[in-house]
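Here's a quick tour of the inside of this one, organised by topic. Have the viewer open and follow along.

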Amino acid sequence: MNKSAINVFILALGFGLLSGCATDGGKPAATADAPAVAAKSSFVAIPKNKDNDLKLYYAGGRIIKGAAAMGRMQADAQLILWLAGNQFFAMDDVVHAFQKTHAGVSVGLITLPPGLILSAIEKGGWSYNGKDYPGAPDVYASVNLGHLKKLKAAGFMSEYAVYMHNEMVLMVAKGNPKHIKGIADIKRADVRTSMPNPVNEGIMTFYGKKVLERHGLWGYVSGGKMCYSCQTTPNNWFTSVHHRETPDRILAGTSDTGIVWITEGIEAQRAGKAVDTVKLPPEDSLRDEVAYAIGALVNNPRKAAADRYLAFLKTPAAQAAYGKYGFVNASPVELSLRPIP
């Protein structure tokens, strides 16, 4: 996306996402650990220590991460993907499968909360470790079609496909020492929670909050706050990037449970972390509702490569790469591109 297009986008996009911490009244309140855009930068700050979410896969097999990847991504990649972060652990296999059928294509990848990514598209780039990285993706994916509808309204996306499904579970320490059985246990005085934040993490914005509200627990968890990297109540922490923070907080003994995707529980166990998951009934797991939506941004300089990637997602190789990590495959009908409603 060229500079003029980004400027149009900024003017056209009428949905600024919150940053920092705010009460339900909408007044911002800073938090000590909240990632925030530095005063000298107009871009969106990537939370610290997120090198593993920033990758550049060269066609020859070399992978660079972090600031090095950000510095070369716009110049060296023939395809740039900004995707909902909860699929980060599958992406090495997915990208390598794509490169096997599209030799010579270097792929840039950012896997962060989809709302945070959306804000970065709006502002035209990122800031990481004190340095700015202007640019935009060729392909954007979220855990809900709502984000893509906002892009359509701004004239920057027209088509989408659903390419996989997931479901929510509660992550607990191995052996479930607090004997947590379901959402209702969150209100127990002895249960401390690590929850995805409602500002930019789609799992909470579109799914978790709905379940907590139905159980009458949203106010209990949020304490009336909409924030990230913040302590909302004595018993709850809202994360910045939940799929990395929640298992570590449970292992550190600072949290007892938290809502995560089932795939994240599987990945944490695969990584050797001493955690278990508590399955939820369909009305709380929302397994029949959760759908990952993806589409190409229009008017980007690598649209042909983006279209090839979206076609690749329909293939058995792509679906197998995701299925290996616990994601539920989409149907052929869902995988077909259609207009964003």
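Keep in mind that this is a predicted model.

**Gly108**
- You'll find Gly108 in strand β6, which covers residues 107-112.
- Gly108 has a relative accessibility of 0%, so it counts as buried; the cut-off for that label is under 20%.
- Ala69 is 39 residues away from Gly108 along the chain, yet their C-alpha atoms are separated by 7.7 Å.

- Take Tyr309 as an example: outside the four places on either side in sequence, Tyr309 is in contact with Leu79, Leu81, Met91, Val94, Phe98, Ile294 and Tyr322.

**Asn86**
- Asn86 sits in the loop that runs between β5 (79-84) and α3 (91-101).
- Is Asn86 buried or exposed? Its relative accessibility is 5%, so Asn86 counts as buried.
- The side chain of Asn86 makes a polar contact of 2.6 Å with the side chain of Tyr292.
- Not counting residues up to four places away in sequence, Asn86 touches Val143, His243, Trp261, Thr263, Glu264, Tyr292 and Phe327.

**The cavity**
- How many cavities of 30 Å³ or more does a search of the whole structure find? It finds one.
- The largest cavity has a volume of about 50 Å³.
- Asn86 shows up again here, as one of the lining residues, along with Gly85, Leu112, Pro113, Pro114, Glu201, Gly202, Ile203, His242, His243 and Trp261.
- The elements giving two or more residues to that lining are α6 (202-214) and α8 (242-252).
- Sorted by class, the lining has five nonpolar, five polar and one charged residues.
- His243 and Trp261 belong to the cavity lining, and both are also among the residues that Asn86 touches.

Definitions and conventions: Residues are numbered from 1 along each chain as its sequence is written. This is a predicted model: local features need pLDDT of at least 70, side-chain atom pairs count only at pLDDT 80 or more; totals for chains, interfaces and linings use all residues. Side-chain values use heavy atoms; hydrogens and water are left out. Helices (H or I, at least four residues) and strands (E, at least two) are DSSP runs, numbered from the N terminus. Buried means under 20% relative accessible area, exposed over 50%, partly exposed in between (1.4 Å probe, protein chains only). A polar contact is a pair of N or O atoms within 3.5 Å; within protein, one must be able to donate a hydrogen and the other to accept it, and residues adjacent in sequence count only if both atoms are side-chain atoms. Contact means heavy atoms within 4.5 Å. On a 1 Å grid over the protein atoms alone, a cavity is a set of points where a 1.4 Å probe fits but cannot get out, and a pocket is an open set with protein on both sides within 12 Å along at least five of seven lines; lining residues have an atom within 4 Å of a point. Grid points are joined across faces, edges and corners, and a volume is the space filled by probe spheres set on the points. Ala, Val, Leu, Ile, Met, Phe, Trp, Tyr, Cys and Pro count as nonpolar, Asp, Glu, Lys and Arg as charged, and the others, Gly among them, as polar.
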